Amino acid sequence: MKKFLIATTALLGLAGHGLAQVSLTGAGATFPFPVLSKYFDEYLKVTNNQVRVNYQSIGSGGGQRQFIEQTVHFGASDNPFNDQQMAEIRRNTGSPALNIPFVLGAVVPTYNLPGVTQRLNFTGEVLADIFLGNIKTWNDPAIARLNEGVRLPPLPITVVHRSDGSGTTYVWTDYLTKVSPEWAQKVGRGNSVNWLAPNKVGGRGNEGVAGVVRNTPGAIGYNEVTYAVQNRILFGAVQNRAGGGGGGGGGGLPAIAAAANVVLPGDARVSLTNTQAPDGYPIASFSYLLVYEQLDKNKAFKSEAEARAFVQLLKWIVTEGQKYNEPLTYGRLTETAQARALALISRITYQGKPIGREIVGR
């Protein structure tokens, strides 16, 4: 029988040691917004109200744009910059961009199906056919075959998608591109794509998609799992590349962590979807903080004090801050990912001063 995997539910010597009072701004992904909010609330306490962070949850596309326009100290995105973007940023600013992983999350199919309380099973191929508009009703034989014994109503399917540039959309479409040749040919992957399902509705942010799904009988959408849990929306189990079998994989945080058990390049830019790990959840992703390696090339930074406070915050997020991930249904960084993140932070400079190496200690 096929098994389906589901994604379920220190003080670093900063305060009192000359840390300047600063306000930092960031913008981007809604995918990690719940955990980022927790980080920044806790860090304000850790620093005795010295370091405040204002984060605008506007979607990965907006975060990338504001980062490039240098209106924020940092961006956040669920997909790292691609090679072309990396080259353009370096050419236009003189500084490389760093994509620093800080959290692991999962994107799940969320749905509203009156009369059905069981968790539904999906494959990638079926999800692609739903979002392509090939499967139009909930009692379609393709869905029924995966959910024996479930009374599926003949309700029309409403596809709910992100209306803004979204890293969650990128992760979702990256997965569908890998599992469905038709999806790859007709739609592909991206922060924004041309949705083909005829019966579709857009929602802004993970919050917007969750709200539309919750209020629309027959709807199916995609959300970072924390939003599904917080909004008490049903979400489906997804068969992985290995058929879900072997190893007693189960679901939840171990399955998200298993998806990250990959060879991680030095710059940490990687796709985790459609994992080969037998116990891994197939639609998982890192979320990244977007940072200029030379902070003085980012016009948002006005002083060395700001730069140092920011680098100390980055170090705290990928070390002490990780304890806040799992209570919010996010995975902690693996040891390898944490090492990559610290190595990237150590490269940060300000006006030629190696502040990253000084703060990280490597």
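The report below takes up helix contacts, then the pocket, then a loop contact.

## Basis of the description

The model is a predicted one, and local features are described where pLDDT is at least 70. Two packed helices are described by the angle between their axes and the distance between the axes.

## The contact of α4 with α6

Helix α4, which covers residues 124-132, and helix α6, which covers residues 167-179, have axes that come within 9 Å of each other and cross at roughly 110°. Because angles of 65 to 115 degrees count as roughly perpendicular, α4 is roughly perpendicular to α6. The crossing of these two helices, α4 and α6, is left-handed.

On the α4 side the contact is made by G124, E125, L127, A128 and F131, and these meet W172, Y175, L176 and V179 of α6. Sorted by class, the residues of this contact between α4 and α6 comprise seven nonpolar, one polar and one charged.

## Two partners of α11

Helix α11 (residues 304-318) packs with helix α1 (residues 33-46) at an angle of about 115°, and their axes are 11 Å apart. This crossing of α1 and α11 is right-handed. From α1, the residues Y39, F40, E42, Y43 and V46 take part, and they meet A309, Q312, L313, W316 and I317 in α11. The contact of α1 with α11 is made up of eight nonpolar residues, one polar residue and one charged residue.

A further contact of α11 is with helix α12 (residues 335-345), where the axes come within 10 Å and cross at roughly 175°. Since angles over 145 degrees count as roughly antiparallel, α11 and α12 are therefore roughly antiparallel to each other. V311, L314, K315 and V318 are the contributors from α11, while Q338, A341, L342 and I345 are those from α12. In this contact of α11 with α12, six residues are nonpolar, one is polar and one is charged.

## The largest pocket

The largest pocket holds about 260 Å³ of space. Its lining consists of 20 residues, and those that lie nearest the centre of the pocket are D78, N79, P80, Y170 and V270. In terms of class, the lining of the largest pocket contains nine nonpolar, eight polar and three charged residues.

Helix α6, described above for its contact with α4, returns here, for α6 and β11 (284-292) each supply at least two residues of the lining of the largest pocket. Of the elements that contribute, β11 gives the most to this lining, with four residues.

## R241 in its loop

R241 lies in the loop between β10 (237-238) and α10 (253-259). Leaving aside residues up to four places away in sequence, R241 touches N274, T275 and Q276. For one of these, T275, the C-alpha atom is separated from that of R241 by 6.5 Å, although the two residues are 34 residues apart along the chain.

How values were computed:
Residues numbered from 1 in each chain as written. Predicted model: local features only at pLDDT ≥ 70, side-chain atom pairs only at ≥ 80, totals over all residues. Heavy atoms only, no water. Axes fitted to C-alpha atoms, helices over the stretch in contact; angles between N-to-C directions. Parallel < 35°, antiparallel > 145°, perpendicular 65-115°, else oblique. Left-handed = near helix turned anticlockwise from the far one by under 90°. Contact = heavy atoms within 4.5 Å. Nonpolar A, V, L, I, M, F, W, Y, C, P; charged D, E, K, R; others polar. 1 Å grid on protein atoms, 1.4 Å probe; cavity = no way out; pocket = protein on both sides within 12 Å on 5 of 7 lines; lining within 4 Å. Points joined across faces, edges and corners; volume = space filled by probe spheres on them.
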